[in-house]
Amino acid sequence: MKILALSDRVDPRIYSSFCKERFGDVDCIISCGDLPEYYLDFVVSTLNVPLFFVHGNHDAPREQESLAGGTNLDERVICYRNVLIAGLEGCYWYNGNPHQYTEREMYWKYLRLLPRLLFARLKHGRYLDILVTHAPPKGVHEGQDPPHRGFATFTHILKKYRPRYHLHGHVHLYGSAQDVATQFLDTLVVNCYGYQVIEIVPEKG
Ligand SMILES: [Zn+2]
């Protein structure tokens, strides 16, 4: 399954009349947040595939449950073409605006996600294949300033449930010096700033 993962930046290679030509073979779109709805609308209507998303800290308050007709992944596990995708929105608390959480609040969000992970394990024999968040995990791709710190809760999820991918955004990439993809235990952690194309072979069963 081919995934077009987007985050943080309206990319001119996607927001273009060549979008269908370049990305017409993707099976779904995942947004890791901080993207305007007009852009997501454009990508969804151009590629005509489902959108799954989490909100970033620059997105409108949480009444905006739906975005461009997509499915909000926050605190949920969805199964799409036998790929299990779980999400946790937002970033580290820094000024009290929406979609910001302390580590303790994020841990509570994880506890609300937990029954869904356990249900997925019962039904599909595994907890999740892809973790989608806006912020990075603690220790991987994180920034030094308070807003861009990584969550220890995410690192805990990677250690305990071993997803194949962790897609995040939030950490802007300004040059080639920053890592885009980092292997952490069994998980490839991918910063989707701009866009990334991910190919995942669905598990059987
Ligand atoms: Zn952000």
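Reader: What radius of gyration would a compact globule with 205 residues have, and what value does the protein have?

Author: The general idea is a rule in which 2.2 Å is multiplied by the number of residues to the power 0.38, the radius of gyration being taken over C-alpha atoms. For 205 residues a compact globule would have a radius of gyration near 17 Å, and the protein has 16 Å, which agrees. Along its principal axes the C-alpha trace spans about 45 × 45 × 35 Å. This is a predicted model, in which local features need pLDDT of at least 70 and side-chain atom pairs count only at pLDDT 80 or more, while totals for chains, interfaces and linings use all residues. Residues are numbered from 1 along each chain as its sequence is written.

Reader: How many helices and strands does the secondary structure come to?

Author: Helices (H or I, at least four residues) and strands (E, at least two) are DSSP runs, numbered from the N terminus. In this protein they come to 4 helices and 13 strands.

Reader: What order do the strands of the open sheet have?

Author: Strands of a sheet pair through backbone hydrogen bonds, either parallel or antiparallel. Two strands are taken to pair here if DSSP finds at least two bridges between them. The open sheet has 6 strands in the order E5-E6-E9-E10-E12-E11, and its pairing is mixed. E5 and E11 are the edge strands, each pairing on one side only. On average, neighbouring strands of this sheet are turned by 20° against each other, with direction ignored.

Reader: Which strands are joined in the antiparallel sense, and which in the parallel sense?

Author: Strand E5 (residues 76-80) and E6 run antiparallel and are joined by 5 bridges, with Tyr80 standing opposite Val83 in E6. E6 and E9, by contrast, pair in the parallel sense over 4 bridges, and Leu131 in E9 is the bridge partner of Ala86.

Reader: What lies between E5 and E6?

Author: The two strands form a hairpin with 2 residues between them, and Arg81 in the turn has a positive phi of about 50°. Arg81 is a residue other than glycine, and it is exposed, with 10 other C-beta atoms within 10 Å. The burial classes rest on such counts: a residue is buried if 20 or more other C-beta atoms lie within 10 Å of its own, exposed if 12 or fewer, and partly exposed in between, with C-beta atoms placed from the backbone.

Reader: Is Asp34 buried or exposed?

Author: Asp34 has a positive phi of about 60° although it is not a glycine, and it lies in the loop between strand E2 (28-31) and helix H2 (37-47). Asp34 is buried, because 22 other C-beta atoms lie within 10 Å.

Reader: Which residues have the most contacts inside the largest nonpolar core?

Author: A nonpolar core is a set of buried Ala, Val, Leu, Ile, Met, Phe, Trp, Tyr and Cys residues joined through C-beta atoms within 7 Å. The largest such core has 49 residues, and Ile30, Val132 and Leu167 have the most contacts inside it. Strand E6 (residues 83-88) supplies the largest share of this core, 5 residues. Over the protein, 40% of the 205 residues count as buried.

Reader: What is Val132 in contact with, neighbours within four places in sequence left aside?

Author: Two residues are in contact if their C-beta atoms, placed from the backbone, lie within 7 Å. With those neighbours left aside, the contacts of Val132 include Ile30, Phe52, Ile85 and Leu167. Ile85 lies in strand E6 and is buried, with 25 other C-beta atoms within 10 Å. Leaving aside neighbours within four places, Ile85 is in contact with residues including Leu73, Ile78 and Ile130.

Reader: At what angle do the axes of H3 and H4 cross?

Author: Two packed helices are described by the angle between their axes and the distance between the axes. Axes are lines fitted to C-alpha atoms, for helices over the stretch in contact, and angles run from 0 to 180 degrees between N-to-C directions. The axes of H3 and H4 come within 9 Å and cross at roughly 30°. The two helices are therefore roughly parallel to each other, since angles under 35 degrees count as roughly parallel, over 145 as roughly antiparallel, 65 to 115 as roughly perpendicular and the rest as oblique. Among the residues making the contact are Met106 and Tyr110 of H3 and Thr153 and Ile157 of H4.
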